[in-house]
Each structure stands twice: as C-alpha cells, then as structure tokens.
Amino acid sequence: IQLTQSPSSLSASVGDRVTITCRASQDIDSHLAWYQRKLGKAPRLLIYAASVLQTGVPSRFSGSGSETDFTLTISSLQSEDVATYYCQQLSAFPLTFGGGTNVEIK
Amino acid sequence: EVHLEQSGGVVVQPGGSLRLSCAASGFKFDDYAMHWVRQVPGKGLQWVSLITWDGTYTYYGDFVEGHFAISRDNSKNYLYLEMKSLRLEDTGIYYCARALGMGYLDYCGQGTLVTVS
C-alpha cells in the first residue's frame, strides 16, 4: 500500500494552522498513524487509529480521515514543532510510511 | 518507565553481516510485538520488520528480500535483527520499537547507526 504525503515541505509562522495530508493507494479503514521525527531523535507517535491522540501529545495536534484520505493538523504551530512528519499505514503487511513532510518556521 | 536500549553504532564492509540488539525494560516484554524501522539518508523512514509477542510470526518490508532476520529472546528481554549480505543502501539509523495495539510504534530505542562502507 503506497502512502502519498503532501506537501513534501512547508514553511509557516508561529501560531499558524498547519495541515498535512496523506493519501493511501487503497482503503485502509482507520489504520493510520502519524509520527514526528526531530533531527537526531527517534520517531514519536502523535496520532494512532487516524484520530486518537497519543498520551502526552499536546492537544494542538489532531488527526482525521478514513479509507484513503487522512489529515494531520497542528492548530497553532509552535517553534518546537519543527520536524519531519510521517504517516504510516497498518492495514496490511508490509507496513509502509509516507514520504514525509518537513515543517519549518517562517 | 519503558526503555529500549540499543547496541552501539557499527561500520561494516559490503557483503558483511552483523546483529543489532535491543534490550527492553520497564514493561512486560512478552506482552508486546516488536518492530525494527530505519531512517535511510534521503529516503525517510522505512519499516523493516515485526515479530509477534511469542516469535511465532515475523513480517518484513519488501526491500528486505531475505537478507534480514528478526528474532527475540523473551527470557532475556532482548530483540535482535540479523543482517547479512549488507549493501551500501542499508546504511542508516535502525530503531527498535514497541508495538501498541494494531502495531503502532509507541516507544523507540535511541537508534543504532549502521554504516556499510
């Protein structure tokens, strides 16, 4: 199953609302996760089952979608959110990640 | 506290072999499936492999093509990745991770840098 993320990179101001999309090549129900990876750090789970916020993750992060179209939203971008964001499908093996979205501060 | 401690970085020649290890603590290891994922330069995150809680079932990414093998020792709380016939494109940072529910990666180790050169 292929996952296509867009955009591949974005630059936004602190406080902006940021939206990243992930499109699956086939129906994956809600079996999708979003991860944040900061430079030199391990991936961090943000959202699972498409819309469930992982414990400890700030509420400005949210996820939505089902079947083939999914969205990660940061409601008010903070400087500490500079990172690369990945979606991952867990509907079928082999599991796959999207290509990533680099988020920078303008 | 959940902790996954990975073995140190290594340099290996093309065609060589090595074994990565991941020591788990702070949770009941044999209650969880475990993953390996990697960060390859210029290619983002790639899922490598998953092993079920008891080691009965293993799954691999398409690119593995039989030259990696995942295993675990529940008596020692260790996860392993045997890598053979290594290629230049296997260079990257390899992370072990615990699988939550469907298999979401909820905790990761600190990463092991593998350099094939």
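Cys22(A) is buried, and Cys87(A) is buried too (buried: under 20% relative accessible area, 1.4 Å probe, protein chains only; exposed: over 50%; partly exposed: in between). The model is predicted; local features need pLDDT of at least 70, side-chain atom pairs count only at pLDDT 80 or more, and totals for chains, interfaces and linings use all residues. Residues are numbered from 1 along each chain as its sequence is written, chains are lettered from A and ligands numbered from 1 in the order in which they are written, and side-chain values use heavy atoms, with hydrogens and water left out.

**Exercise 1. Find the disulfides and say what each ties together**.

Step 1. Count them. The structure holds two over all chains (disulfide: a pair of cysteine sulfur atoms within 2.5 Å).

Step 2. Take chain A. The sulfur atoms of Cys22(A) and Cys87(A) are 2.2 Å apart. Cys22(A) sits in strand β3 (residues 18-24) and Cys87(A) in strand β9 of chain A, so the bond links parts 65 residues apart in sequence. Strands are DSSP runs of E, at least two residues, numbered from the N terminus.

Step 3. Take chain B. Cys22(B) bonds to Cys96(B), S to S 2.1 Å. The S-S torsion is about 65°, so this disulfide is right-handed. Both Cys22(B) and Cys96(B) are buried. Cys108(B) is in no disulfide; its nearest cysteine sulfur, in Cys96(B), is 7.7 Å away.

**Exercise 2. Is His67(B) buried or exposed****, and what does its side chain reach****?**

Step 1. Locate His67(B): the loop between β6 (58-60) and β7 (68-73) of chain B.

Step 2. Its relative accessibility is 6%, so His67(B) counts as buried.

Step 3. The His67(B) side chain reaches the backbone oxygen of Val64(B) at 2.4 Å. A 3.2 Å polar contact joins the side chains of His67(B) and Asp90(B) (polar contact: N or O atoms within 3.5 Å; within protein, one must be able to donate a hydrogen and the other to accept it, and residues adjacent in sequence count only if both atoms are side-chain atoms).

Note on methods:
Helix = DSSP H or I, 4+ residues; strand = E, 2+ residues; numbered from the N terminus.
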